[in-house]
Amino acid sequence: MQLINTLTILLAAAGTSLAAPAPTSSTTTTSIQIEERGSSTPLIDLWKNKSFLDLKFTGSGTLGTCFDLPSNFQNIASSGKARAGFRCTIWVKKNCQGTGFSFNEKPGSKSFPDWIDDKASSWKCVKDE
Ligand SMILES: *[C@@H]1O[C@H](CO)[C@@H](O)[C@H](O)[C@H]1NC(C)=O
């Protein structure tokens with residue numbers, strides 16, 4: 001009994017002194033990895049043709065942040081969907097300026113209205129509520 005108590009105390013002491021520095025560095029590493037994964041979460045899919053057909057662009061990034069479409073996908077999108085749980089808006093102008101057009105995951109927008117069809121150049125997604 002006495003031996004067990006002594007061993008327990010020794011183990012507890014060793015555990016405390018060894019554990020102290022280790023979690024600090026591993027916590028830092030973990031949070032950086034999560035942040036990187038979070039900022040590359042797919043949020044929006046845009047297609048060149050109506051009805052979700054032809055060339056597809058998937059936009060990843062931070063919720064609530066505006067992104068300009070890559071040059072090879074500007075002024076060509078005709079349909080789009082938000083990923084599950086999000087609501088996305090696209091703009092004719094860059095930097096999400098002016099009037100936007102919004103859609104969700106289901107049904108998405110299989111045919112953008114004329115005023116923004118083949119004209120979108122920026123996008124932003126938020127949590128759908
Ligand atoms: C996309 O639309 C163009 C023009 O309307 C058409 O020629 C082409 O076949 C379509 N492609 C697909 C994969 O739907």
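The chain exposes about 8200 Å², of which carbon and sulfur atoms supply 58%; accessible areas come from the Shrake-Rupley method with a 1.4 Å probe, and for residues only the protein chains shown count as cover. The model is predicted, so that local features need pLDDT of at least 70 and side-chain atom pairs count only at pLDDT 80 or more, whereas totals for chains, interfaces and linings use all residues. Residues are numbered from 1 along each chain as its sequence is written, and side-chain values use heavy atoms, with hydrogens and water left out.

The chain contains 2 helices and 7 strands, and from the N terminus on its elements follow the order α-α-β-β-β-β-β-β-β. Helices (H or I, at least four residues) and strands (E, at least two) are DSSP runs, numbered from the N terminus. Of the 129 residues, 27% count as buried; buried means under 20% relative accessible area, exposed over 50%, and partly exposed in between (1.4 Å probe, protein chains only). Among the contacts in the chain with a separation of 6 or more, 65% are accounted for by residues 24 or more positions apart, where contact means heavy atoms within 4.5 Å.

Aromatic residues were examined next. A pair of aromatic rings is described by the distance of the centres and the angle of the planes. Rings of Phe, Tyr and Trp (its six-membered ring) pair if their centres lie within 6.5 Å; planes under 30 degrees apart count as stacked, over 60 as edge-to-face and the rest as tilted. The structure holds 7 aromatic pairs. One of them, formed by Phe-57 and Phe-73, is tilted, with 5.5 Å centre to centre and 35° between the planes. Because Phe-57 lies in strand E2 (residues 53–60) and Phe-73 in the loop between strand E3 (67–68) and strand E4 (79–82), this pair ties together parts that are 16 residues apart in sequence. Both residues, Phe-57 and Phe-73, are buried. An edge-to-face pair is formed by Phe-101 and Phe-112, at 5.7 Å centre to centre and 70° between the planes. Phe-101 belongs to strand E6 (residues 100–103) and Phe-112 to the loop between E6 and strand E7 (122–127), so that distant parts of the chain, 11 residues apart, are linked.

Apart from residues up to four places away in sequence, Phe-73 touches Leu-46, Trp-47, Lys-48, Leu-55, Lys-56, Phe-57 and Ala-120. Phe-73 and Ala-120 are 47 residues apart in sequence and 8.6 Å apart in space, C-alpha to C-alpha.

Ser-79 lies in strand E4 and counts as buried because its relative accessibility is 0%. The side chain of Ser-79 reaches the backbone oxygen of Asn-49 at 2.6 Å and the backbone nitrogen of Phe-52 at 3.0 Å. Such a polar contact is a pair of N or O atoms within 3.5 Å; within protein, one must be able to donate a hydrogen and the other to accept it, and residues adjacent in sequence count only if both atoms are side-chain atoms.

The residues around the ligand are Asn-49, Leu-53 and Asp-54, a residue being near a molecule or strand if one of its heavy atoms lies within 4 Å of it. A ligand oxygen atom is 2.3 Å from an N or O atom in the side chain of Asn-49. The protein covers 30% of the 370 Å² of accessible area that the ligand has on its own.
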